[in-house]
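Could you walk me through a few features of this protein model?

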Amino acid sequence: MAGATADEREILVDLAVRQSPPLLHRPQEMASLPLPEELLTGIFLRLPDPADLARASAACVSFRRHIADRSFLRQYRKLHAPPLLGFIEVKGEFHRASPPYPSASAASAVALAADFTFSFLPAPACQWLVLDIRDGRVLLYRSYFEIADTAFKLKEMLVCDPLHRQYLLLPPIPDEVFTSVEKWHTFLVHQSDLEAAEETAFRVIWMACLGDKLVAFVFSSTTGQWQAGPSHSGWIESFGALSRSQYAYGCFYWVTDCREKLLLLDTRRMVFSTIDAPPETKLDDVNVAIVEAGEGRLGMFVLPCGSDLSYIIRRNNVGSSGQWQLEKTISLGYDTYWYCFVGSMRGHLFLEHMGDFFLLDVKTFKLETVSASEHTFLWPRAYSNFPPSLLSSPTVASGKLHTASQLSASILVWSGAL
């Protein structure tokens, strides 16, 4: 649904003014202004900025009750992407969006309310490292050094909500699988891909190679257990050479070591498959990012070292050999060598350049500055969420939840607590 028109914004402001606190004590005047539920829903859903929604909820009790309704919030989250608030590096340092980026004020609010040092996690907190970030949740792990193998071994993993200072410690991977692998890959599954309607549910997928077979185990917050997931055989030469996972349309993608194929995991059907990669990915020292190109099409950005940025779209999404076509070439300037991809979300690509972060819109190809810094970050990941609000209260899906403190600011508009 499109954003609110000027007339609709005026209507909303007028309604808020008419129902401001002084009028709440005059029910006879309120009765003269009928407010159909469908009218309120239509107006509120058209507000593109969650800050406007929060302000509207503070105008009067009826607005707040309407906006806080879970069915309304589900509709709103389906129509609006959560704002990008900043980036978190592997050790937890939060680099928030800064003015004039639209979500700068929301990022400041989150920076004050959340604990990105993870001091609420089992001590020592400095041992925890970020593995993945999705829907406002952070997946972390810590390891121990095994002298016999002179290597770091996975000790434990957890999922936390830094805003509410809550975490859920994940049970160990089954021993018969875990003890047989040295390299593994773990990530969170997007909320929108879950069949359950409950916003608090989440899943974690752990992947590893057993011989010539790629296997996956899936943790569900609903059951609190790991279960055997899909597997794939026969083509992976080096699991450690897989790129960072890329996400689009309910699927995760990896560039394989041979760079001729993309590994695909469909999280709705929970099956692995492969598709042909475009020729551009076969170049040495190349950055690759997957995005949603619109109309169900898969988009890919390719940035060879020292070259221009190429945007390619897969025209035919049926089968493994869909046709890739070059859509646009974008010049990033003379210092292209220092740009790198740090992720994507829906139709946006995130880039980092010597400590500065940028967002590129795939529809307009406009490059927008998110934040600037004087130092670079180690493996940053995008953090998208909504600022603290009073719209609802955090709840727990299942399992043992640890809470370090209760914030007066409650759950976010977009994501549930753990």
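Here is a short tour of a helix with its strands, an open sheet and a surface patch.

This is a predicted model, so local features need pLDDT of at least 70 and side-chain atom pairs count only at pLDDT 80 or more, while totals for chains, interfaces and linings use all residues. Residues are numbered from 1 along each chain as its sequence is written, and side-chain values use heavy atoms, with hydrogens and water left out. Helices (H or I, at least four residues) and strands (E, at least two) are DSSP runs, numbered from the N terminus.

**Helix H8 and its neighbours**

- Helix H8 spans residues 104–113, and its buried residues are Ala104, Ala106, Ala107, Val110 and Ala113. Buried means under 20% relative accessible area, exposed means over 50%, and partly exposed is in between (1.4 Å probe, protein chains only).
- These buried residues of H8 pack against strand E1 (84–88), strand E2 (94–96) and strand E23 (381–384); contact here means heavy atoms within 4.5 Å.
- In E1, 5 of its 5 residues are buried, so the strand is mostly covered.

**How E1 pairs**

- Strands of a sheet pair through backbone hydrogen bonds, either parallel or antiparallel. Two strands count as paired if DSSP finds at least two bridges between them.
- E1 is antiparallel to E23, with 4 bridges, and antiparallel to E2, with 3 bridges.
- Phe87 is a handy landmark: Ala382 is its bridge partner in E23, and His95 stands opposite Phe87 in E2.
- A hairpin is formed by E1 and E2, with 5 residues between them. In the turn, Gly92 has a positive phi of about 100°.

**An open sheet**

- Another place to look is an open sheet of 4 strands, in the order E11-E12-E13-E14 with antiparallel pairing.
- Its edge strands, E11 (246–248) and E14 (271–276), each pair on one side only.
- From one strand to the next, the twist averages 30°. Axes are lines fitted to C-alpha atoms, for helices over the stretch in contact, and angles run from 0 to 180 degrees between N-to-C directions.
- Strand E13 (residues 261–266) is joined to E14 by 6 bridges, and Leu262 faces Ile275 in E14.

**At the surface**

- Trp338 sits in the loop between strand E18 (324–330) and strand E19 (339–345). Trp338 counts as exposed because its relative accessibility is 55%.
- Together, Tyr337, Trp338 and Met354 make a nonpolar surface patch of about 410 Å².

Technical notes: Patches are made of residues with over 30% relative accessible area and no salt bridge: like charges are joined within 9 Å, nonpolar side chains (Val, Leu, Ile, Met, Phe, Trp, Tyr) within 5 Å. Accessible areas come from the Shrake-Rupley method with a 1.4 Å probe; for residues, only the protein chains shown count as cover. A salt bridge is a side-chain nitrogen of Lys or Arg within 4 Å of a carboxyl oxygen of Asp or Glu.
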